[in-house]
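A few terms come along the way.

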Amino acid sequence: MKKIKLFFLLVFLLFSMTFIQSCTLEKKTNNKIQIVVSIFPIYDFVKQIGQNKVEVTLILPPGGEPHSFLPKPKTIFIIGCADLFIYTGDFLETWVKKLSNIIDKEKIVNSSHGIELLKNNDDKKTDPHIWIDPNNAIIMVRNILEELVKVSPENLNF
């Protein structure tokens, strides 16, 4: 039994070392800030702010539903290798809470910080599509910009 546990521990350590090394090699070949985002509006905000200083990866597949999306191990690996993972908020991407057990919490950015969710008049539920309101979009862009500056202070002229 001890040999089996030792074997799995060694496999885990080998996988972890490979994971860290491949992340490091990927970052050395590209000087851009590596950002992973959950949905297209965030993708567009980050591309507009970062211009040619960022490389942005969208993880939600075309036609995908952010409410029910569950990342595969490869997606978690991609998020873990990035400088930042930016998502809309806990109200839309509920699965993100589980990432903080796996990925450095400093890399995970909630772009809705400071936004109060509004209730729909019809059914009293909150509307998760916060980026549609221009005032919310301004707050989200400001939050994203602040995080980009933290990650790359030498590029303060975003």
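Buried means under 20% relative accessible area, exposed over 50% and partly exposed in between, with a 1.4 Å probe and protein chains only. This is a predicted model: local features need pLDDT of at least 70, side-chain atom pairs count only at pLDDT 80 or more, and totals for chains, interfaces and linings use all residues. Residues are numbered from 1 along each chain as its sequence is written, and side-chain values use heavy atoms, without hydrogens or water.

Start with helix H5 (134–151). Helices (H or I, at least four residues) and strands (E, at least two) are DSSP runs, numbered from the N terminus. H5 has 18 residues and spans 26 Å from first C-alpha to last.

Its buried residues are Asn136, Ala137, Met140, Asn143, Ile144, Glu147 and Leu148. They lie on the same side of H5, because they cover an arc of only 135° around the axis. The arc is taken from the directions from the helix axis to the C-beta atoms. The face turned away carries exposed Pro134, Asn135 and Lys150.

What do the buried residues of H5 pack against? Their partners are strands E1 (33–37), E2 (54–58), E3 (84–87) and E4, plus helix H2 (40–50). Contact here means heavy atoms within 4.5 Å.

H5 also gives 5 residues to the lining of the second largest pocket, the largest share. By class, that lining has 4 nonpolar, 3 polar and 8 charged residues. Asp, Glu, Lys and Arg count as charged, Ala, Val, Leu, Ile, Met, Phe, Trp, Tyr, Cys and Pro as nonpolar, and the others, Gly among them, as polar.

How values were computed
The expected span of a helix is 1.5 Å times one less than its number of residues.
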